[in-house]
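Student: I have a new structure to look at, and I would like to learn how to read it. Can we go through it step by step?

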Amino acid sequence: MPAHNTSRGCSRCGHIHADNREGPRFECIRCGFTLHADHNAGINIRTRGIEALRDGAFSVEKPRKRVAFRRRKSSATGGTPEVACGANVRPDARLAA
């Protein structure tokens, strides 16, 4: 969110003009509102942030829950879970002889 013209805009009436600010003092030429320029800019930034939140500019999707799956026991590997690379498979004694 850009902070453009926050120190020149009136936090009361919204009027934006370069003559509203003279050094550290802010005085609106339309409504006469006076305040320290940094305080006025802070109010404007807060107001813009609240408007952006209400408009959904910062909406974040909720992270998806991770779901754990239980492995089924396989009868082919003697009750242990099957592994694609064969790490859990014992060599057959008949083939080794």
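Student: Which backbone nitrogen does the side chain of His36 reach?

Tutor: First, a caution: this is a predicted model. In it, the side chain of His36 reaches the backbone nitrogen of Asp38, at 3.1 Å.

Student: Where is His36 found?

Tutor: In strand β3. Now look across the chain. His36 and Arg25 are 11 residues apart along the chain, yet their C-alpha atoms are separated by 4.9 Å. Leave aside neighbours within four places in sequence, and His36 is in contact with Pro24 and Phe26.

Student: Is His36 buried, exposed or partly exposed?

Tutor: Read the relative accessibility. His36 has 42%, so it counts as partly exposed.

Student: Let me step back. How many helices and strands does the protein chain have?

Tutor: The protein chain has 2 helices and 3 strands. Read from the N terminus, the elements run β-β-β-α-α.

Student: How do strands of a sheet pair?

Tutor: Strands of a sheet pair through backbone hydrogen bonds, and the pairing is either parallel or antiparallel. Now the case here. The 3 strands form an open sheet, ordered β1-β2-β3, with antiparallel pairing.

Student: Which strands stand at the edges?

Tutor: β1 (21-22) and β3 (34-36) do. Each has a single partner strand, so one side of each is left without a neighbour in the sheet.

Student: Over how many bridges do β2 and β3 pair?

Tutor: Over 3 bridges, in the antiparallel sense. Strand β2 covers residues 25-27. Take one example: Glu27 has Thr34, in β3, as its bridge partner.

Student: Where does helix α1 lie relative to the strands?

Tutor: α1 lies across β1, β2 and β3. Its direction makes an angle of about 95 degrees with β3.

Student: Which residues does Asn44 touch?

Tutor: Asn44 lies in helix α1, residues 37-55. Not counting residues up to four places away in sequence, Asn44 touches Thr6, Gly9, Cys10 and Ser11. One of these contacts has a polar side. The backbone oxygen of Thr6 lies 2.7 Å from a polar atom of the Asn44 side chain.

Student: Why does Asn44 count as buried?

Tutor: Buried means under 20% relative accessible area. Asn44 has 11% relative accessibility, so it counts as buried.

Student: What share of the protein chain counts as buried?

Tutor: Of its 97 residues, 19% count as buried.

Student: Which residues make up the largest nonpolar core?

Tutor: The largest nonpolar core has 5 residues: Cys10, Phe26, Cys28, Phe33 and Ala37. Take Cys10 from that list. Its relative accessibility is 3%, so Cys10 counts as buried. Cys28 is another member. Beyond its neighbours within four places in sequence, Cys28 is in contact with Cys10, Cys13, His15, Asn20 and Phe33.

Student: I see several cysteines. How many disulfides are there?

Tutor: The count comes to 0 disulfides. Check the sulfur distances against the cut-off: a disulfide needs two cysteine sulfur atoms within 2.5 Å.

Student: Which side chain makes a polar contact with that of Ser7?

Tutor: The side chain of Arg21 does, at 3.2 Å. Ser7 lies in the segment before β1. Not counting residues up to four places away in sequence, Ser7 touches Arg21, Phe26, Asn40 and Ala41.

Student: Is Ser7 buried or exposed?

Tutor: Ser7 has 18% relative accessibility, so it counts as buried.

Note on methods:
Residues numbered from 1 in each chain as written. Predicted model: local features only at pLDDT ≥ 70, side-chain atom pairs only at ≥ 80, totals over all residues. Heavy atoms only, no water. Helix = DSSP H or I, 4+ residues; strand = E, 2+ residues; numbered from the N terminus. Buried < 20%, exposed > 50% of the residue type's maximum accessible area, 1.4 Å probe, protein only. Polar contact = N/O pair within 3.5 Å; in protein donor to acceptor, adjacent residues only side chain to side chain. Contact = heavy atoms within 4.5 Å. Core = buried A, V, L, I, M, F, W, Y, C linked by side-chain atoms within 4.5 Å. Pairing = 2+ DSSP bridges. Axes fitted to C-alpha atoms, helices over the stretch in contact; angles between N-to-C directions.
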